[in-house]
Amino acid sequence: DAILIRLYQFGDANQMTLQGYSEGSVIGNVPSWLKALSFPNDTQALLLYHIEKDLRYSKAQNPVWLLFNESIRSSFYGNTGLKNRQNPGGDYFPWAADPNDTSLLEAAFIKAHNVNKGATLLINDADSELSGADRADYQLTLANNLKSKAPIDGVGLELHDIINPDGTVQY
(Lines give C-alpha, C1' and ligand atoms only; values in the text may rest on other atoms or scores of the structure.)
Protein backbone atom coordinates (compact mmCIF):
# COMPACT_ATOMS: atom_id res chain seq x y z
CA ASP A 1 0.00 0.00 0.00
CA ALA A 2 2.96 2.35 0.49
CA ILE A 3 3.40 2.75 -3.27
CA LEU A 4 -0.31 3.46 -3.73
CA ILE A 5 -0.25 6.08 -1.01
CA ARG A 6 2.72 7.81 -2.70
CA LEU A 7 0.89 7.82 -6.05
CA TYR A 8 -2.27 9.26 -4.48
CA GLN A 9 -0.28 11.92 -2.68
CA PHE A 10 1.51 12.88 -5.90
CA GLY A 11 -1.78 13.21 -7.78
CA ASP A 12 -3.37 15.19 -4.98
CA ALA A 13 -0.40 17.58 -4.67
CA ASN A 14 -0.47 18.20 -8.44
CA GLN A 15 -4.27 18.59 -8.76
CA MET A 16 -4.50 15.47 -10.96
CA THR A 17 -7.59 13.34 -11.37
CA LEU A 18 -6.96 9.84 -10.17
CA GLN A 19 -8.09 6.82 -12.15
CA GLY A 20 -7.89 3.58 -10.24
CA TYR A 21 -8.57 -0.09 -10.68
CA SER A 22 -9.95 -2.04 -7.76
CA GLU A 23 -9.81 -5.66 -6.68
CA GLY A 24 -12.74 -6.37 -9.00
CA SER A 25 -10.40 -5.99 -11.95
CA VAL A 26 -8.68 -9.36 -11.45
CA ILE A 27 -8.16 -10.79 -14.93
CA GLY A 28 -5.95 -13.46 -16.40
CA ASN A 29 -4.36 -15.97 -14.07
CA VAL A 30 -6.49 -15.88 -10.95
CA PRO A 31 -4.55 -17.36 -8.00
CA SER A 32 -5.70 -20.76 -6.76
CA TRP A 33 -6.27 -19.40 -3.22
CA LEU A 34 -8.84 -16.94 -4.62
CA LYS A 35 -10.60 -19.68 -6.57
CA ALA A 36 -10.71 -21.79 -3.39
CA LEU A 37 -12.58 -19.17 -1.32
CA SER A 38 -16.16 -20.07 -0.49
CA PHE A 39 -18.64 -18.37 -2.79
CA PRO A 40 -20.29 -15.99 -2.22
CA ASN A 41 -19.50 -15.26 1.44
CA ASP A 42 -15.69 -15.27 1.62
CA THR A 43 -15.35 -14.06 -1.96
CA GLN A 44 -17.61 -11.08 -1.27
CA ALA A 45 -15.81 -10.30 1.99
CA LEU A 46 -12.46 -10.15 0.15
CA LEU A 47 -13.86 -8.01 -2.67
CA LEU A 48 -15.52 -5.50 -0.35
CA TYR A 49 -12.49 -5.32 1.94
CA HIS A 50 -10.23 -4.35 -0.97
CA ILE A 51 -12.70 -1.88 -2.40
CA GLU A 52 -12.98 -0.13 0.95
CA LYS A 53 -9.21 -0.17 1.47
CA ASP A 54 -8.39 1.14 -2.01
CA LEU A 55 -11.10 3.79 -2.30
CA ARG A 56 -10.37 5.35 1.08
CA TYR A 57 -7.00 6.60 -0.22
CA SER A 58 -8.73 8.81 -2.77
CA LYS A 59 -11.62 9.95 -0.57
CA ALA A 60 -11.24 13.71 -1.04
CA GLN A 61 -10.09 13.69 -4.65
CA ASN A 62 -13.24 12.88 -6.70
CA PRO A 63 -11.45 10.10 -8.60
CA VAL A 64 -12.59 7.86 -11.43
CA TRP A 65 -12.62 4.19 -10.46
CA LEU A 66 -12.95 1.27 -12.85
CA LEU A 67 -14.35 -1.20 -10.34
CA PHE A 68 -14.47 -4.06 -12.82
CA ASN A 69 -12.42 -4.46 -15.98
CA GLU A 70 -12.94 -6.88 -18.85
CA SER A 71 -15.66 -8.82 -17.09
CA ILE A 72 -17.72 -9.69 -20.19
CA ARG A 73 -17.20 -13.11 -21.73
CA SER A 74 -15.02 -13.47 -24.79
CA SER A 75 -16.24 -14.44 -28.27
CA PHE A 76 -15.44 -18.08 -27.40
CA TYR A 77 -18.31 -17.94 -24.91
CA GLY A 78 -20.63 -15.90 -27.09
CA ASN A 79 -19.82 -12.33 -25.98
CA THR A 80 -22.80 -12.16 -23.64
CA GLY A 81 -22.94 -12.58 -19.93
CA LEU A 82 -20.29 -12.16 -17.33
CA LYS A 83 -17.12 -14.12 -17.16
CA ASN A 84 -17.70 -16.37 -14.21
CA ARG A 85 -16.53 -19.15 -11.91
CA GLN A 86 -17.58 -21.83 -14.41
CA ASN A 87 -15.24 -20.64 -17.18
CA PRO A 88 -11.61 -21.77 -17.53
CA GLY A 89 -8.48 -19.70 -18.11
CA GLY A 90 -8.77 -16.04 -19.02
CA ASP A 91 -12.56 -16.12 -18.84
CA TYR A 92 -12.55 -17.24 -15.19
CA PHE A 93 -14.01 -14.44 -13.06
CA PRO A 94 -14.20 -15.00 -9.29
CA TRP A 95 -16.98 -12.48 -8.73
CA ALA A 96 -19.86 -14.23 -10.57
CA ALA A 97 -21.38 -17.68 -10.13
CA ASP A 98 -22.73 -17.75 -13.68
CA PRO A 99 -23.10 -15.43 -16.72
CA ASN A 100 -26.14 -13.68 -15.21
CA ASP A 101 -24.97 -13.27 -11.60
CA THR A 102 -24.37 -9.58 -10.83
CA SER A 103 -24.87 -9.78 -7.06
CA LEU A 104 -21.22 -9.19 -6.10
CA LEU A 105 -20.86 -6.42 -8.68
CA GLU A 106 -23.88 -4.69 -7.17
CA ALA A 107 -22.45 -5.07 -3.65
CA ALA A 108 -19.11 -3.67 -4.82
CA PHE A 109 -20.65 -0.55 -6.39
CA ILE A 110 -22.74 0.08 -3.26
CA LYS A 111 -19.67 -0.33 -1.02
CA ALA A 112 -17.53 1.93 -3.23
CA HIS A 113 -20.20 4.65 -3.23
CA ASN A 114 -20.54 4.47 0.55
CA VAL A 115 -16.76 4.72 1.03
CA ASN A 116 -16.22 7.56 -1.45
CA LYS A 117 -19.40 9.38 -2.46
CA GLY A 118 -17.46 11.74 -4.74
CA ALA A 119 -15.94 8.97 -6.87
CA THR A 120 -17.07 8.32 -10.43
CA LEU A 121 -17.70 4.57 -10.61
CA LEU A 122 -17.39 2.73 -13.92
CA ILE A 123 -17.45 -0.76 -15.33
CA ASN A 124 -14.95 -1.11 -18.13
CA ASP A 125 -14.54 -3.56 -20.98
CA ALA A 126 -12.26 -3.95 -23.96
CA ASP A 127 -12.90 -4.31 -27.65
CA SER A 128 -16.69 -3.87 -27.57
CA GLU A 129 -16.43 -2.08 -30.91
CA LEU A 130 -14.64 -5.05 -32.50
CA SER A 131 -16.81 -7.83 -31.16
CA GLY A 132 -20.06 -6.79 -32.75
CA ALA A 133 -23.30 -5.45 -31.38
CA ASP A 134 -23.87 -8.36 -28.99
CA ARG A 135 -20.94 -7.43 -26.77
CA ALA A 136 -21.59 -3.67 -26.84
CA ASP A 137 -25.31 -4.22 -26.23
CA TYR A 138 -24.56 -6.51 -23.32
CA GLN A 139 -22.17 -3.96 -21.79
CA LEU A 140 -24.89 -1.29 -21.94
CA THR A 141 -27.54 -3.71 -20.63
CA LEU A 142 -25.25 -4.71 -17.76
CA ALA A 143 -24.62 -1.06 -16.84
CA ASN A 144 -28.34 -0.28 -17.04
CA ASN A 145 -29.23 -3.27 -14.84
CA LEU A 146 -26.58 -2.30 -12.31
CA LYS A 147 -27.84 1.30 -12.36
CA SER A 148 -31.25 0.10 -11.21
CA LYS A 149 -29.67 -1.60 -8.17
CA ALA A 150 -26.40 0.19 -7.45
CA PRO A 151 -24.69 3.58 -7.94
CA ILE A 152 -22.83 3.06 -11.23
CA ASP A 153 -21.92 6.21 -13.17
CA GLY A 154 -21.10 4.77 -16.57
CA VAL A 155 -19.12 2.45 -18.79
CA GLY A 156 -15.53 2.65 -19.90
CA LEU A 157 -14.69 1.82 -23.50
CA GLU A 158 -11.19 0.40 -23.62
CA LEU A 159 -9.89 0.53 -27.18
CA HIS A 160 -6.83 -1.43 -28.24
CA ASP A 161 -6.36 0.43 -31.52
CA ILE A 162 -2.99 1.37 -32.97
CA ILE A 163 -2.56 3.84 -35.83
CA ASN A 164 0.45 2.77 -37.87
CA PRO A 165 2.85 5.31 -39.47
CA ASP A 166 1.23 4.64 -42.86
CA GLY A 167 -2.18 5.64 -41.45
CA THR A 168 -3.68 2.16 -41.31
CA VAL A 169 -5.39 1.07 -38.12
CA GLN A 170 -4.37 -2.10 -36.31
CA TYR A 171 -6.71 -3.72 -33.78
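Two strands pair if DSSP finds at least two bridges between them; helices (H or I, at least four residues) and strands (E, at least two) are DSSP runs, numbered from the N terminus. Welcome to this predicted model, where local features need pLDDT of at least 70, side-chain atom pairs count only at pLDDT 80 or more, and totals for chains, interfaces and linings use all residues. Residues are numbered from 1 along each chain as its sequence is written, and side-chain values use heavy atoms, with hydrogens and water left out.

**View 1. Four strands form an open sheet.** Their order is E1-E2-E3-E4, and the pairing is parallel. Strand E1 (19-21) and strand E4 (154-158) are the edge strands, each pairing on one side only.

**View 2. Strand E3 (residues 120-126) runs beside E4 in the parallel sense.** The pair is joined over 5 bridges. Look for Asn 124, which stands opposite Gly 156 in E4.

**View 3. Helix H3 (residues 41-56) packs with helix H4 (residues 103-115).** Their axes, lines fitted to C-alpha atoms over the stretch in contact, lie 9 Å apart at an angle of about 30° (angles run from 0 to 180 degrees between N-to-C directions). That makes H3 roughly parallel to H4, a term for angles under 35 degrees. The contact (heavy atoms within 4.5 Å) includes Leu 47 and Ile 51 of H3 and Ala 108 and Val 115 of H4.

**View 4. Helix H1 (residues 2-13) has 12 residues.** From its first C-alpha to its last, H1 reaches 16 Å, close to the 16 Å expected at 1.5 Å a residue (1.5 Å times one less than its number of residues). H1 is followed by Gln 15, whose phi is positive, near 50°.

How values were computed:
Angles under 35 degrees count as roughly parallel, over 145 as roughly antiparallel, 65 to 115 as roughly perpendicular and the rest as oblique.
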